Amino acid sequence: MATLLSSNLDADLRPCLVTLLKILDNLVGKPREPKVRTIRLSNAAFAGSVGRCRGGIEVLEGCGFVRESSSAAGASCRFGNDNNNNNN
């Protein structure tokens with residue numbers, strides 16, 4: 001989080017933090033829903049807010065998201081290491 005806060009201007013930081021909080025709020029509200037457990041890093045809204053901020057993805061990793069290798073759908077971050085078993 002320190003990297004995120006120290007490396008971005010306020011204009012860039014606000015949408016990043018709002019998006020991060022929305023992601024985490026959705027995860028808390030619907031912890032077993034696969035849609036909120038996976039984030040496509042190439043998603044335009046995500047890339048434009050969190051992805052462009054240095055340290056943004058690392059905040060998600062600190063919260064339990066795991067970066068996955070690129071696949072046909074592109075690179076993603078998945079919450080936990082459960083491969084859709086939803087045991088968390």
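Which side chain makes a polar contact with the side chain of R78 at 2.8 Å?

1. The partner is E68: the side chains of R78 and E68 make a polar contact of 2.8 Å. The model is a predicted one, and this distance should be read as a property of that model.

2. A polar contact also joins the side chain of R78 to that of T38, at 2.9 Å. R78 itself is found in strand 3. Its relative accessibility is 15%, and R78 therefore counts as buried, since the cut-off for buried is under 20%.

3. R78 can also be placed relative to F65. The two residues are 13 apart in sequence, and their C-alpha atoms are 5.2 Å apart in space.

4. F65 is buried as well, because its relative accessibility is 3%. For F79 the value is 18%, so F79 also counts as buried under the 20% limit.

5. On aromatic pairs, a search of the whole structure finds 1. F65 and F79 form this pair, with an edge-to-face arrangement: the centres are 5.4 Å apart and the planes are at 70°.

6. The largest nonpolar core has 16 residues. Those with the most contacts inside this core are L20, I23, I39, F46, L60 and F65. At least two core residues come from each of helix 2 (10–29), helix 4 (44–51), helix 5 (56–62) and strand 3 (76–79). Helix 2 gives the largest share, 4 residues.

7. The contacts of I39 can be listed individually. Leaving out residues up to four places away in sequence, I39 touches I23, F46, L60, F65, A75, S76 and C77. Among these, I23, F46, L60 and F65 are also named with I39 as residues with the most contacts inside the core.

8. F65 is among the residues with the most contacts inside the core, is touched by I39 and forms the edge-to-face pair with F79. R78, in strand 3, has side-chain polar contacts with T38 and E68.

Notes: Residues are numbered from 1 along each chain as its sequence is written. This is a predicted model: local features need pLDDT of at least 70, side-chain atom pairs count only at pLDDT 80 or more; totals for chains, interfaces and linings use all residues. Side-chain values use heavy atoms; hydrogens and water are left out. A nonpolar core is a set of buried Ala, Val, Leu, Ile, Met, Phe, Trp, Tyr and Cys residues joined through side-chain atoms within 4.5 Å. Buried means under 20% relative accessible area, exposed over 50%, partly exposed in between (1.4 Å probe, protein chains only). Contact means heavy atoms within 4.5 Å. A polar contact is a pair of N or O atoms within 3.5 Å; within protein, one must be able to donate a hydrogen and the other to accept it, and residues adjacent in sequence count only if both atoms are side-chain atoms. Rings of Phe, Tyr and Trp (its six-membered ring) pair if their centres lie within 6.5 Å; planes under 30 degrees apart count as stacked, over 60 as edge-to-face and the rest as tilted.
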